[in-house]
Amino acid sequence: MNGHYDVIIIGTGAGGGTLARKLAPSGKKILILERGGYVKRGPENWNSKFVNLEGGYNTKETWHDRDGKPLHPHTNYNVGGNTKFYGAALFRMRKEDFGELKHYDGVSPAWPVSYDEMEPFYTQAEKMYHVHGRRGVDPTEPHASEDYPHPPVSHEPRIQHLADDFAAAGVRPFHVPLGVQIKEHDRKSICVRCSTCDGFPCLLNAKSDAETCGVDYATEHPNVTLLTGALVKRVETDPSGRTVSSVVVEREGEIENYSADVVVVSAGAINSAALLLRSAADKHPNGLANSSDQVGRNYMGHVNSVVLAVSKCPNPTVFQKTLAVNDFYFGSDDFPYPMGHISFVGKLDGVTLSAGAPSITPGFTLDQMARHSLDFWLTTEDLPQPENRVTLDKNGSIVLSYTPNNVEPHKRLQKKLKDLMAAQRKCDIHGGECHQGLFSRNLYLGQQIPLAGVAHQNGTVRFGEDPKTSVLDRNCKAHDVDNLYVVDGGFFPSSSAVNPALTIMANALRVGRHLLDRMN
């Protein structure tokens with residue numbers, strides 16, 4: 001045995017990195033295991049060809065879909081997890097998202113905890129991750145006990161013009177809550193408001209990711225040890241099957257074994273489920289903590305699409321991801337089911353567009369199209385379905401089976417955006433002929449992000465009150481194992497229609513409080 005700890009945390013993303021920071025001041029002996037290393041800082045961090053076209057930071061691992069076809073996931077293994085590459089949009093789930101909601105394709109189940117129970121941890125997470133925003137402008141936002149810790153990131157002129165147009169059309173646009181360490185009009189600001197935030201690692205460490213806001217703080221404490229290049233192969237229990245006794249790690253080609261009073265899995269919804277399945281044993285023949293047969297099931301990742309709105313006038317915006325519309329989140333007069341969320345991706349360039357070979361409006365090259373486009377990101381809630389799941393093939397490799405659902409509301413949301421763009425006020429140069437139309441990148445089959453796009457992965461180890469229908473209890477402890485917890489997005493019983501990152505962070509803080517009580 002290579003050592004015993006009070007807590008072992010497997011993974012350093014939104015869940016694991018946040019939990020590590022929460023527990024570090026306790027003085028407890030903590031081991032953090034990360035299969036990747038630190039993202040190297042250098043010019044390639046801001047190189048669109050390297051990041052987007054070549055997928056330079058993506059894992060080279062191959063998964064498969066349910067038909068056995070190879071799948072190259074758009075995911076990253078490194079300190080900070082996928083937050084190193086996220087767009088830092090940090091939304092609270094709506095209060096209604098925590099309850100049962102009727103959708104076009106079915107019912108989104110209620111959570112075992114309420115929004116009110118999660119609210120103070122949302123507030124803590126917003127402070128920890130330096131969230132910039134403004135209360136009282138998002139028409140669907142839940143109540144909050146405190147204001148955002150920082151003012152919203154301002155719109156650049158083209159985005160402000162669009163916000164004014166949207167408001168004139170009758171919707172209520174608002175500033176996206178963003179986790180970036182920016183002080184506008186301050187020459188000492190860490191963030192320089194560059195064009196390489198969404199999808200890129202930040203060369204300046206100005207993005208509020210789980211490394212800079214979580215792991216880096218945790219590892220300042222002498223009681224915290226971080227091992228990188230540490231791939232967890234399986235988790236083993238004692239003969240009773242009720243207690244994790246060993247975490248088996250491959251590092252530098254050698255096998256190491258570690259033990260802890262508490263083991264927390266936070267490898268991402270897909271990899272955490274795969275780890276539990278790989279950890280099958282006599283007392284857990286279908287996978288660790290899987291007496292319910294729910295491990296790996298109910299995978300969700302949202303119905304997402306990127307849509308380009310092209311105008312004759314250029315869009316010189318550098319930092320585009322500041323505007324959002326939630327007026328159709330819960331439906332509209334002409335469609336009484338939730339549709340979801342409209343916001344932006346980071347400003348696209350011709351290199352990035354070339355990866356998707358988009359339909360091109362006549363007379364435009366890819367570079368021209370990028371210079372003249374507004375680049376929208378649309379999200380609709382997908383519903384948990386047991387056959388949308390993570391399994392393992394005979395070699396122990398990941399198989400991701402997923403059939404999209406709740407697609408009609410997403411089409412309705414795209415139509416709402418199309419109507420809003422058509423209602424834009426005439427521009428001073430081209431009048432009513434400025435807007436050229438909406439173009440969806442062909443990369444996204446059916447105008448949706450393909451199966452490999454797992455940035456919003458959640459579900460797979462849902463929490464709940466009933467051990468027969470859930471894997472984890474309300475504190476995210478496995479029903480079947482007394483010292484095993486999961487704090488990544490796998491615990492979600494439903495996906496909502498906003499980025500899951502802040503909810504994962506808030507829940508990690510909530511579970512962290514529980515663990516401190518348990519250990520003390």
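**Figure 1. Strand β1 and its two partner strands.** Strand β1 is mostly covered, with five of its seven residues buried. The model shown here and in the other views is a predicted one. β1 runs parallel to β13, and six bridges join the two strands. Within that pairing, Ile-9 stands opposite Val-264 in β13. β1 also runs parallel to β2, here with four bridges. The bridge partner of Ile-8 in β2 is Leu-31. As background, strands of a sheet pair through backbone hydrogen bonds, either parallel or antiparallel.

**Figure 2. Helix α1 and its cover.** Of the 10 residues of α1, eight are buried, so the helix is described as mostly covered. The buried residues are Ala-14, Gly-15, Gly-16, Gly-17, Thr-18, Leu-19, Ala-20 and Leu-23. Which elements cover them? The cover includes the strands β1 (4–10), β2 (30–33) and β13 (254–265). It also includes the helices α3 (115–128), α5 and α10 (501–519).

**Figure 3. The packing of helix α1 on helix α5.** Helix α1 covers residues 14–23 and helix α5 covers residues 211–218. Their axes are 8 Å apart, and the two helices pack at an angle of about 45°. α1 and α5 are therefore oblique to each other. The crossing in which α1 passes α5 is left-handed. On the α1 side, the residues in contact are Gly-17, Ala-20 and Arg-21. They meet Cys-213, Gly-214, Val-215, Tyr-217 and Ala-218 in α5. By class, this contact of α1 with α5 has five nonpolar, two polar and one charged residues.

**Figure 4. The crossing of helices α3 and α10.** The axes of these two helices come within 8 Å and cross at roughly 110°. That angle makes α3 roughly perpendicular to α10. α3 passes α10 in a right-handed crossing. From α3, the contact is made by Glu-117, Met-118, Phe-121, Tyr-122, Gln-124, Ala-125, Glu-126 and Met-128. From α10, the contact is made by Leu-502, Thr-503, Met-505, Ala-506, Asn-507, Leu-509, Arg-510 and Arg-513. The residues of the contact of α3 with α10 divide into nine nonpolar, three polar and four charged.

**Figure 5. Gly-512 in helix α10.** Gly-512 lies in helix α10. Is this glycine buried or exposed? Gly-512 has a relative accessible area of 0%, and buried means under 20%, so Gly-512 is buried. Leaving out residues up to four places away in sequence, Gly-512 touches Leu-19, Lys-22 and Leu-23. Of these, Leu-19 and Leu-23 are among the buried residues of α1. Gly-512 and Val-247 are 265 residues apart in sequence, and their C-alpha atoms are 20 Å apart in space.

Figure 6. The four strands form an open sheet in the order β4-β3-β19-β18, and the pairing is mixed. β4 (70–71) and β18 (389–392) stand at the edges. Each of these edge strands has a single partner strand, so one side of each is left without a neighbour in the sheet. Strand β3 (residues 63–65) pairs with strand β19 (residues 398–401) in the parallel sense, over two bridges. In β19, Leu-400 is the bridge partner of Asp-65. α6 packs on this sheet and touches β3, β18 and β19. The direction of α6 makes about 40° with that of β18.

**Figure 7. The buried residues of helix α6.** Helix α6 spans residues 269–278 and is mostly covered. How many of its 10 residues are buried? The number is nine. The buried residues are Ala-269, Ile-270, Asn-271, Ser-272, Ala-273, Ala-274, Leu-275, Leu-276 and Leu-277.

**Figure 8. Two loop residues with positive phi.** Most residues other than glycine have a negative phi, and most peptide bonds are trans. His-130 has a phi near 55°, a positive value in a residue other than glycine. His-130 is placed in the loop between α3 and β7 (131–132). Arg-193 also has a positive phi, near 55°. The loop that holds Arg-193 lies between β9 (178–179) and α5. Arg-193 counts as buried because its relative accessibility is 16%, and the cut-off for buried is under 20%.

How values were computed:
Residues numbered from 1 in each chain as written. Predicted model: local features only at pLDDT ≥ 70, side-chain atom pairs only at ≥ 80, totals over all residues. Heavy atoms only, no water. Buried < 20%, exposed > 50% of the residue type's maximum accessible area, 1.4 Å probe, protein only. Axes fitted to C-alpha atoms, helices over the stretch in contact; angles between N-to-C directions. Parallel < 35°, antiparallel > 145°, perpendicular 65-115°, else oblique. Left-handed = near helix turned anticlockwise from the far one by under 90°. Contact = heavy atoms within 4.5 Å. Nonpolar A, V, L, I, M, F, W, Y, C, P; charged D, E, K, R; others polar. Pairing = 2+ DSSP bridges.
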